[in-house]
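Please view the structure first.

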Amino acid sequence: MSLAQRRILLGVSGGIAAYKSCELVRRLRELAAEVRVVMTEGATQFVSPTTFQALSGQPVRVSLWDEQAEAAMGHIELARWAERILIAPASADIIARLAHGHADDLLATVCLASAAPLYLAPAMNQQMWAHPAVQANVTLLRQRGAHVLGPADGEQACGDVGSGRMLEPHELRNALQSSFGGGVLDGLHVLVSAGPTYEDIDPVRFIGNRSSGRMGFAVAEAAAQAGAEVTLVAGPVSLATPAGVAQRIDVRSAAQMHAAVLDAARQADIYIAAAAVGDYRPNEVSAQKLKKLDGAKLALQLSENPDILTSLSTQPEHPFLVGFAAETHDVADYAQDKLRRKGLDMIAANQVGDGLGFEAADNALQLYWADGAVELPRAAKPELARQLIAQVAVRYRASRR
Ligand code: CTP
């Protein structure tokens, strides 16, 4: 999986996130990609073409009517040259112009004239992104085969909080990288479950846990980067779908996760169970909010949820199974016991607490399989996820030999 000598046309449209695209050019150049930048007039209000010229090492084009540039590499040649077109940031305006097939500036014209796959990294105010006009245009572009990367949720340059932030440069680079394939999971379908589950008690209360979903989301992203087609089954989390993930199924309860995973597992080669599934659910979900019992003790009757991994491992045909075990103590013993008990091919164990594991940015993992083990030392979750995927790929291939 390499970007070396890959020809990337980066379209930059008018938005404050254009400053992040300077970093993106650097990230692409680091992997020896060839990058040519086309800016809209609006984009030049945010970043100067000279900046992109210096970073890409190539002339930057803005106008369709630049005689000198057209004599050198005309817009049709530029369109043919590109193996991928990525527009980052993609403003509401360029999205609208592309959706309606306009050719009123160089960038829109090149997109029309090119057969290269089109990638869009939208960036705009959350209200604009949510507007039905923008959503309709994005849907139209998706239907025509455009790949929409993000946007992410979070704080915006305008002070709003919501969906509309451009993905980070490394995420965009990874999406382009995996679009060329050649990864360790090429051609494989990977199912990942992530996040907590919520077991409702009544319409306002539930039993949940502290899983943020970040480890599972990082694993899904790393699998996609490694060339897999990824299905992500997510419990209730507030995380954007990682770049490159083909399908996301949102669930709430353990029973819903069980059903969604069993269904998706029929197509999967590998299932990585990173979700923290609730072990018990209330026997009854009250249709009305429970009222206080005036001093009397309240007892909740709970029943055990089915184990998703065991449901799969006891089927005659099932994917390669990777479990997680988050433990506060005796990590190795509990993990190896779960590996055997649940009939897994591999288990990733981690200590929770001390700034690691749940709700934390970092994690460390010990991996166990029937006749081996390896330690992945403390690292940020995305990095650790990449190392985990590399190990899973090796063990998966070994199991098929
Ligand atoms: N898991 C599952 N189905 C469940 C519960 C857990 O598939 N109903 C999976 C998790 O996704 C994880 C692994 O099993 O990959 C271990 O989860 P954990 O909660 O640590 O295991 P439990 O069997 O619930 O053991 P414990 O008694 O430690 O809670």
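The questions and answers below concern a predicted model.

Me: Is His258 buried or exposed in the model?
Reply: His258 belongs to helix H11, which covers residues 254-265. Its relative accessible area is 16%, and the cut-off for a buried residue is under 20%. Because 16% falls under that cut-off, His258 is buried.

Me: Which residues is His258 in contact with, leaving aside its neighbours within four places in sequence?
Reply: Contact requires heavy atoms within 4.5 Å. With neighbours within four places in sequence left aside, the residues in contact with His258 are Pro306, Asp307, Ile308 and Ser311.

Me: Which residues lie around the ligand?
Reply: Helix H12 (308-313) and strand E16 (320-327) each supply at least two residues of the shell around the ligand. The ligand takes up the space of the largest pocket. The residues around it are Ala273, Ala275, Val277, Asp279, Pro306, Asp307, Ile308, Leu309, Gly323, Phe324, Lys338 and Lys342.

Me: How much of the ligand's exposed area does the protein bury?
Reply: An oxygen atom of the ligand is 2.6 Å from an N or O atom in the side chain of Lys338, and a polar side-chain atom of Lys342 lies 2.7 Å from an oxygen atom of the ligand. From the backbone, an N or O atom of Leu309 is placed 3.0 Å from a ligand oxygen atom. Taken alone, the ligand exposes 570 Å². Of that area, the share buried by the protein is 78%.

Me: What separates the C-alpha atoms of Val392 and Val322?
Reply: Val392 is found in helix H14, residues 381-400, and is buried, with a relative accessible area of 1%. Leaving aside neighbours within four places in sequence, Val392 is in contact with Ile270, Phe320, Val322 and Met346. Val392 and Val322 are 70 residues apart along the chain. The separation of their C-alpha atoms is 8.0 Å.

Me: Why is helix H9 described as largely enclosed by the rest of the structure?
Reply: Helix H9 spans residues 169-179. Its buried residues, among them Leu172, Asn174 and Leu176, pack against strand E1 (7-12), helix H1 (18-30), strand E3 (84-90), strand E4 (118-122), helix H10 (214-225) and H14.

Me: Which residue with a positive phi follows H9?
Reply: The phi in question is near 70 degrees. The residue that follows H9 with this positive phi is Gly181.

How values were computed. Residues numbered from 1 in each chain as written. Predicted model: local features only at pLDDT ≥ 70, side-chain atom pairs only at ≥ 80, totals over all residues. Heavy atoms only, no water. Helix = DSSP H or I, 4+ residues; strand = E, 2+ residues; numbered from the N terminus. Buried < 20%, exposed > 50% of the residue type's maximum accessible area, 1.4 Å probe, protein only. Near = heavy atom within 4 Å. Polar contact = N/O pair within 3.5 Å; in protein donor to acceptor, adjacent residues only side chain to side chain. Areas by Shrake-Rupley, 256 points an atom, 1.4 Å probe, with all protein chains shown as cover. 1 Å grid on protein atoms, 1.4 Å probe; cavity = no way out; pocket = protein on both sides within 12 Å on 5 of 7 lines; lining within 4 Å. Sits in = over half its atoms within 2 Å of the grid points.
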